[in-house]
Amino acid sequence: MDFFGGQGGASKGPIVGKAITKKIISGPRPTGSGSGSGSSSAPATAGRSTPTIAKPVARPAAGSAPAPAKKALPVIASTSAKAGPSRPIAGGLAGPSGSKAHLSATSSRASTPSSRRKRTPSPVRSESSSNSDSGSESPKAKKAQEKKRKRVDAPPTGGSGSATPGEEKRELWCLDKVDERGEWGRGWAGFVGSEAAVRQDVLGFAGGKGEGKVSLDKYMAYFDQEGFGNQEPLPSVELLYPAVGCKERFVLLVPTSSREYNPISELKSVLKTILEHYIPPSHAHLFGTLSDSIDLDPLPLPSRLHSPLPPSSSLATPPPDPSTSSPAPTPATLRQETIGDALRKALANNRRDGPGFTRAVERYNTAMADLQRSGEMQAWMREKSGVMGQGEWSSVVEVVHEQAYSRVVGPYSDLLEHHPKHPDEVAKAISGKEDAYGELRHKFMSQIVHDTHLTPSSTFVDLGSGVANCVLQTALQAGCRSLGVELLPVPAHCARLQVAEVKKRWAMWGLNGHIGVEVKEGDFRTGEVGRWLASADVVLVNNEVFPPALNDDLKNMFLDLKEGAKIISLKPFVNEGFRMNENNCDSFDAIVRLSVHNYYQDWVSWKGDSGRYYVQVIDRSKRRKFDEEMKGGRRRR
């Protein structure tokens, strides 16, 4: 996932006969940062008129009837700077494109580098560079120019099936490649189910004994009807996933604390995601969505602001003619209720209809099974891969990964925040506060995936990967090979649990993630991490609390990164005001381009406000250029 700057080059203007000229009287230049002309702002000269252009008149083609002569009208050129769309630039920085002053009313919009250099305060006389008899661009030339404009100016969408310049197109879904094999022939029993998460009935869970007898005092009923209370057997409903034959039983209870796993909230998110992203348009009338509104109110009363017209008024609407009028539209209360409507009404806080919700889910399961057998959903998802936007794809990734996190990482939240005493080998590797735990949240990593243009052929390495959130997100959202290493035992254990659970969840949803995810436990300064870094395209380091000595060790490791590799960090590894000289030309700073970016509220777990992160791009051309300049200076001496 690399950036491409604006594509330069000459852009041909309109073809005008050589006897026809246009005269431009230069005036005040437009002001504003990042001018596309490449010139700086200049004060207006007193008494100088606004630039005017004599509009060229096209000469008729040979053999055509002569057109009546028309007087060319003067056109006042715009001197306001027009901000272009957001455009990536080389080196990992995303910023607005340069603004341009449109000095011509013709179809030519881009100026050549040479013409930008020639824009001086003195009058300019411009002649056409062609002797063609045609006075305007041919349709073929216009089409090519428009195609080039769209290719250069289109902002990147990133992280989706729609490929941007330099970005690989990938299939986001693989529903037609998922079978009922599950995990080593055991069917779909390999994942951690909702009831197992409520009971903490999985060996390895913090506080769980694997016996299914954990106290349920942390949960209470959501539906008020009989049979839906917090008692054995637990109230539940079975839900069919997009993958054929994959079902999960959800417990219909809610936790008493926000820190506990919430099956009702998760069930709402799962249903909403399936109805919005997996249902083809041909079945939308049957499924609906949980976001649709249904009008259950009576007919509106007349407005108090306007009195109704009297019957005798000529503006009053006459009664309809039964012989010609069409049938009245069906009221919203009489239209067929979609599955989404039934689910939303049953889950509403003022209803909480348990039996109604159960019937709605059974109706959904029947319709989903029919849709799976028809193959229409699989065909729709293949088609959708090419048009799905970055935000839409990111929301699906977040829902699926949140399922795994809440099941296998959530029970360890206390141990992650207040870790136990470290083993001796871990304690020796810690010299400061680097064992403080914090997470980069989904929105932060979505921005990184977009800005660094990770692709399926890229390699992502997370040094200090924690519970593997970032490693797993890049493996699915970008489809790239993702590797992580974590020193602390508790986060490393959670990472192994989460990687296994997430891979099963990808299959349940039919998502095409990169299954070559690796997480290791240990010190990232040892072992095979050096080999990982040699092939890395993007390296993530949450060094918010790293001591200076550890950051220095990392800089020495980064010397082996390949050209163009990007380092994302919470603290910079280089000085922002670095200037190369003979004394520091051998330092890490000499081969890096630094850019500063902002992250926003709740993008990290350890604070609720915004902050900065840094992108360092390996660029050894700076050092080579410095060496050439030094050699040239010695030869002159």
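Two strands are taken to pair if DSSP finds at least two bridges between them, and the strands (E, at least two residues) and helices (H or I, at least four residues) are DSSP runs numbered from the N terminus. The model is predicted, so that local features need pLDDT of at least 70 and side-chain atom pairs count only at pLDDT 80 or more, whereas totals for chains, interfaces and linings use all residues. Residues are numbered from 1 along each chain as its sequence is written, and side-chain values use heavy atoms, with hydrogens and water left out.

**View A. The hairpin of strand 8 and strand 9**. Strand 8 (residues 236-240) pairs with strand 9 (residues 247-251) in the antiparallel sense over five bridges, and Leu240 stands opposite Lys247 in strand 9. Six residues lie between the strands of this hairpin, in which Gly245 takes a positive phi near 80°.

View B. Among the buried residues of helix 9 are Trp393, His401, Gln403 and Arg407, where buried means under 20% relative accessible area with a 1.4 Å probe and protein chains only.

**View C. The crossing of helix 6 and helix 7**. The axes of helix 6 (residues 339-347) and helix 7 (residues 354-374) come within 8 Å and cross at roughly 155°, axes being lines fitted to C-alpha atoms, for helices over the stretch in contact, and angles running from 0 to 180 degrees between N-to-C directions. That makes helix 6 roughly antiparallel to helix 7, a term that applies to angles over 145 degrees. Residues of helix 6 including Ile339, Leu343 and Leu347 meet a set in helix 7 that includes Phe357, Val361 and Tyr364, contact meaning heavy atoms within 4.5 Å.

View D. Strand 14 (residues 538-541) and strand 15 (residues 566-569) pair in the parallel sense over four bridges, with Val538 opposite Lys566 in strand 15.

Notes: Buried means under 20% relative accessible area, exposed over 50%, partly exposed in between (1.4 Å probe, protein chains only). Angles under 35 degrees count as roughly parallel, over 145 as roughly antiparallel, 65 to 115 as roughly perpendicular and the rest as oblique.
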